[in-house]
Amino acid sequence: MNQGNDKFICPHCNSSNIGKCSVIYKNGVTKHHYTSEISGTVGNDIFNQQYFSGDMETTGISKTQLASLVSPPKKTSDITIPGIIGGLVFLGMIFPTLALVFIVIDKGITGLMDFFINKPSKIIDYVGAIVIMYFCSKYQSKRTDEIDKSYSQRYRDWCDSYFCFRCGNMFVIR
Ligand SMILES: [Zn+2]
């Protein structure tokens with residue numbers, strides 16, 4: 001009757017007793033607090049709607065295990081060592097930079113030039129700090145982008161993931 005439901009079977013055991021992970025997670029696991037029977041509707045458009053019900057004992061998987069199986073993916077930490085170093089260098093530069101700002105306010109640009117003429121090594125400190133911060137933040141943002149990308153991929157997979165109540169298989173249907 002409905003061609004759309006042909007693909008809604010478990011590829012491992014051909015059972016149609018499957019549930020969408022996001023639906024099980026939202027309806028079955030979160031709201032009903034691990035009731036022994038989980039039921040609901042699969043799919044979010046008219047062609048994909050399908051009633052499912054599953055007794056947890058048929059899969060041999062406990063409700064707690066099911067809850068963690070069908071839960072949405074967690075984002076891994078994106079903190080990197082260069083990111084921490086860059087942050088520390090930045091923090092370390094706040095007060096010296098404020099001191100420079102006060103020199104400019106107090107004595108103008110010539111005061112600032114006098115300061116660096118008297119302490120040329122400070123120029124190296126500032127240039128070094130800027131270079132370190134630049135490369136650290138570049139490294140950190142690249143890592144953050146990678147993690148964001150892999151997370152959104154895993155989240156998309158999770159949104160299309162199904163759980164088989166018969167054999168416990170998890171699979172993606174698009
Ligand atoms: Zn199965």
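## Close-up views of a predicted model

View 1. Let's begin with helix H4, residues 81-118, which spans only 35 Å between its end C-alpha atoms. A straight helix of 38 residues, at 1.5 Å a residue, would span 56 Å. As with every view here, please keep in mind that this is a predicted model. Where is the kink in H4 centred? Look for Lys107: the kink is centred on this residue and comes to about 125°.

**View 2. Three strands form an open sheet.** Here the strands follow the order S1-S4-S5, and their pairing is antiparallel. Strand S1 (18-20) and strand S5 (170-172) are the edge strands, each pairing on one side only. From one strand to the next, the twist averages 30°.

**View 3. Strands S1 and S4 meet side by side in the sheet order.** How many bridges join S1 to strand S4? There are three, and the two strands run antiparallel. Strand S4 takes in residues 161-164.

**View 4. The whole protein chain puts the close-ups in context.** Stepping back, you can find five helices and five strands in the protein chain. Followed along the sequence, they give the pattern β-α-β-β-α-α-α-α-β-β. Of the 174 residues in the protein chain, 14% are buried. Contacts tell another part of the story: among those between residues at least 6 apart in sequence, 66% join residues at least 24 apart.

Key
Residues are numbered from 1 along each chain as its sequence is written. This is a predicted model: local features need pLDDT of at least 70, side-chain atom pairs count only at pLDDT 80 or more; totals for chains, interfaces and linings use all residues. Two strands pair if DSSP finds at least two bridges between them. Helices (H or I, at least four residues) and strands (E, at least two) are DSSP runs, numbered from the N terminus. Axes are lines fitted to C-alpha atoms, for helices over the stretch in contact, and angles run from 0 to 180 degrees between N-to-C directions. A residue is buried if 20 or more other C-beta atoms lie within 10 Å of its own, exposed if 12 or fewer, and partly exposed in between; C-beta atoms are placed from the backbone. Two residues are in contact if their C-beta atoms, placed from the backbone, lie within 7 Å. The expected span of a helix is 1.5 Å times one less than its number of residues. The bend at a residue is the angle between axes fitted to the seven residues ending there and the seven starting there.
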